[in-house]
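Hi there,

Here is the structure I promised to pass on. Please open it first, and then read my notes below.

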Amino acid sequence: MTDSKKRQSARAGKQRSCTKMESCLIEDKKTFYSKAELYWKEVPPTVDGMLGGYGSISSIDINGSKKFLQKFLGEGQGKTGTGCALDCGAGIGRITKRLLLPLFRTVDLVDVTQEFLDKARSYLGEEAKRVENYFCCGLQDFQPQPERYDVIWIQWVIGHLTDDHLVEFLRRCRSGLRPNGLIVVKDNVAYEGVIPDNVDSSVCRDLNVLRRLVGRAGLNIICEEQQQNFPEEIYQVHTLALR
């Protein structure tokens with residue numbers, strides 16, 4: 001599940017912000033997740049579909065991500081290895097194809113929508129042979145294999161997790177890292193508080209809220225950057241490297 005979103009729209013303008021996600025949710029958690037699954041089942045399995053109609057920003061996004069990630073990869077003390085990466089909310093494999101497979105020997109994909117994973121097998125082409133696992137699972141239930149991954153990449157999907165489930169997922173991701181492994185979160189950020197989106201059943205958190213949740217998970221932010229050159233009408237997007 002991946003999605004860039006407009007910062008200003010008729011829908012967003014009517015939403016109130018709050019400081020904790022759960023206070024924004026009217027339905028129970030089960031409904032929150034089931035509505036999101038239904039939404040993504042109606043999204044076409046294309047790059048444009050993965051990016052909420054903003055397929056044109058894909059190259060800018062990938063180039064920014066590659067520049068960010070390459071600062072940590074390599075050999076030597078403290079450097080992150082390039083053996084295996086996990087693409088969370090992978091969709092059809094846009095990030096796997098253009099960012100992770102060029103940098104890592106093998107990649108695993110996890111997404112809640114089976115149709116997207118089925119499409120990924122053809123979308124990735126010849127390089128699909130280096131994908132070892134396609135996991136169809138919501139991240140609130142996903143358990144990474146211990147000490148398997150050098151990098152766990154989580155982009156445009158944390159808004160589909162409740163606060164508590166996000167903290168628990170990040171803790172599980174930490175246990176899934178190899179020595180000097182890295183968790184990267186790249187997502188929309190709100191200017192203040194938590195903004196709910198009732199269309200795709202998600203939220204957008206501000207940086208302070210996100211930082212607090214990262215701290216609750218026992219992780220440290222070792223690098224943080226804002227993605228540049230995105231359209232002005234969409235939310236700001238920040239990338240955080242965690243250990």
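Let me begin with the aromatic rings. Tyr39, Trp40 and Phe116 are linked into a cluster by ring pairs. Rings of Phe, Tyr and Trp (its six-membered ring) count as a pair if their centres lie within 6.5 Å, and planes under 30 degrees apart are called stacked, over 60 edge-to-face and the rest tilted. By this rule the count comes to 6 aromatic pairs. One of them is Tyr39 with Trp40: the ring centres are 5.2 Å apart and the planes stand at 90 degrees, so this pair is edge-to-face. Trp40 is buried at 0% relative accessibility, whereas Tyr39 is partly exposed at 26%. Here buried means under 20% relative accessible area, exposed means over 50%, and partly exposed is in between (1.4 Å probe, protein chains only).

A word on the source before going further. This is a predicted model, in which local features need pLDDT of at least 70 and side-chain atom pairs count only at pLDDT 80 or more, while totals for chains, interfaces and linings use all residues. Residues are numbered from 1 along each chain as its sequence is written, and side-chain values use heavy atoms, with hydrogens and water left out.

Two charges also sit over rings, meaning that NZ of Lys or CZ of Arg is within 6 Å of the ring centre and within 35 degrees of the ring normal. The charged end of Lys97 is placed over the ring of Tyr123, 4.4 Å from its centre. Arg121 lies over the face of Tyr134, with 4.0 Å to the ring centre.

Now the overall picture. The chain has 9 helices and 9 strands, taken as DSSP runs (helices are H or I, at least four residues; strands are E, at least two) and numbered from the N terminus. Of its 243 residues, 55% count as buried. Contact means heavy atoms within 4.5 Å. Among contacts with a separation of 6 or more, residues 24 or more positions apart account for 72%.

What about the nonpolar cores? A nonpolar core is a set of buried Ala, Val, Leu, Ile, Met, Phe, Trp, Tyr and Cys residues joined through side-chain atoms within 4.5 Å. The largest has 34 residues, and Ile152, Ile154, Leu170 and Ile183 touch the most other members. Elements giving two or more residues to this core include helix H3 (29-41), strand E1 (84-88), strand E4 (149-155), helix H8 (163-175) and strand E5 (177-189). A second, separate core of 33 residues includes Ile62, Phe104, Val151 and Cys223.

- Thr96 is in helix H6 (residues 94-100) and is buried at 0% relative accessibility. Beyond its neighbours within four places in sequence, its contacts include Asp87, Val107, Leu124 and Val131.
- Leu219 sits in the loop between H9 and strand E8 (221-226), buried with a relative accessible area of 4%. Leu219 and Arg174 are 45 residues apart in sequence, yet their C-alpha atoms are 7.9 Å apart in space.
- Thr239 belongs to strand E9 and is buried with a relative accessible area of 5%. Leaving aside neighbours within four places in sequence, Thr239 is in contact with residues including Phe68, Val184 and Cys223.

Finally, two backbone details. Ser201 is not a glycine but has a positive phi of about 60 degrees. Ser201 lies in the loop between strand E6 (194-197) and strand E7 (202-205), and at 5% relative accessibility it is buried. Asn229, also not a glycine, has a positive phi of about 70 degrees. Asn229 is in the loop between E8 and E9 and is exposed, with a relative accessible area of 64%.

Best wishes
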